[in-house]
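Good morning, and thank you for joining this group meeting.

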Amino acid sequence: MAQGAKPGEGGELPGYKPPPHHDIYSIEDLAELIYNLKSANPKARVSVKLVSEVGVGVIAAGVAKGHSEHIVISGHDGGTGASTWSGIKHAGLPWELGIAETHQTLVLNNLRRRVVLQVDGQIRTGRDVVIGALLGADEFGFSTAPLIALGCTMMRKCHLNTCPVGIATQDPELRKKFAGKPENVINFFFMLAEEVREYMAKMGFRKVNEMIGRCDFLEPADPLNAKVKLLDFSPLLTTGNELNPGDHLGGSEAQSHKLELRKDNQLIEAAKDILNRASKALVSGDASDERGPSIWYHLSATKLQCELINEIFEKGLPAAPFTSKLKARQVRVFGAFLSPGITLELEGDSNDYVGKVLAGGKIIVYPSSKHPGNYKAEENIIVGNVCFYGATAGKAFIRGIAAETLLCEKFRSDGSL
């Protein structure tokens, strides 16, 4: 994962920057985050940024299996400069190595069709774009070159709010100095596209898709240093079809997020009144007696609030109060991204990430009424780790002890304990 300012090292970002909303320690953590984000907005394309380093292909394969739809391979060059000087000079590898390894590994494991690959890191010319495509990239990230077209002088003060040409700053006095025009960027990309077309014509390609992964059209240049002639570039220039013949067009195979199985869908169906602009709605559900994994196990109401936002909030109507009372055990990611106007009430217990990125809603969690009379809520765990991570607004009322993951029960294939 590339977090912060410099790929491969992590960024020394200022303390006033907002925190991330999830800890990533494994592919499983990442897969969970991707699932939650996709639930929050099914129409969005979830992207993961990876560092161009040795072994990035294996990581990209795990990310693809975690159902990411877009992967960015970030090279060592570029960035805002919000890092140590040693990081700016020495962290990361060239994007050419990263994109080649990633493309080959995904093709070899029949995962290339699931994801779109993007590459970035000081891509400036049409030649860079063509090389990136031949090595396996579907898309290309530009930042430095368009910024220079807008007047950026590469002062590397983007994170300090002191940009002298008024680009990366919120200071009104400095913003007055901005002299860039959209036509400058448009002209740059027209010229870049023209250069790409010239290279494509020389190689005989009619469409960009035709040259993705065709690294057999690349050959090492004659080096000035005699020692460079000793390097073997054949691993870098191995085409995907040599490893795994077939069609491996990026993004041609949709990821299966299985959102149709979410219990949010039941809430949406039960909340027809509020979606039809009624004044309020109350939904109840009971999963406490389910044999097999709790049907509310991954309930976060994210898909529900996505529907509410699309149907109501964006049309300018006031947020109607919506309350959902549930009975369930071991609910995970309960109330993530919860927006104003939604109240989730849970009788039972929950695992990690209760109220992750809480954004104005209300969460209530209390023990089940089925506990014996001598049960003491204040002495028992009711919610898991990292509750309210990244939360910015809202309220939560938790009766019990927090910060320990509740172990999920193991079930047989027939659903019995």
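The protein chain contains twelve helices and nine strands. Please keep in mind that we are looking at a predicted model. The chain has 417 residues, of which 42% count as buried. Its accessible surface comes to about 22,200 Å², and carbon and sulfur atoms hold 54% of that area.

Let us now turn to the interior. In soluble globular proteins, nonpolar side chains tend to be buried together. Here, the largest nonpolar core has 37 residues, and the members that touch the most others are L50, I71, I99, L106 and M211. Several elements each supply at least two residues of this core, including the strands β1, β2 and β3 and the helices α1, α2 and α4. The greatest contribution, six residues, is made by α5.

Which residues does I99 contact, leaving aside its neighbours within four places in sequence? They are I73, L117, V119, L135, G136 and A137. Apart from this core lies another, of 15 residues, with L338, L346, V365 and V383 among them.

Finally, I would draw your attention to one pair of helices. The axes of α2 and α4 come within 8 Å and cross at roughly 50 degrees; the two helices are therefore oblique to each other. Their crossing is right-handed. On the α2 side, the contact involves V56, G57, V58, A60, A61 and A64, while α4 contributes G98, E101, T102, T105 and L106.

Note on methods:
Residues numbered from 1 in each chain as written. Predicted model: local features only at pLDDT ≥ 70, side-chain atom pairs only at ≥ 80, totals over all residues. Heavy atoms only, no water. Helix = DSSP H or I, 4+ residues; strand = E, 2+ residues; numbered from the N terminus. Buried < 20%, exposed > 50% of the residue type's maximum accessible area, 1.4 Å probe, protein only. Areas by Shrake-Rupley, 256 points an atom, 1.4 Å probe, with all protein chains shown as cover. Core = buried A, V, L, I, M, F, W, Y, C linked by side-chain atoms within 4.5 Å. Contact = heavy atoms within 4.5 Å. Axes fitted to C-alpha atoms, helices over the stretch in contact; angles between N-to-C directions. Parallel < 35°, antiparallel > 145°, perpendicular 65-115°, else oblique. Left-handed = near helix turned anticlockwise from the far one by under 90°.
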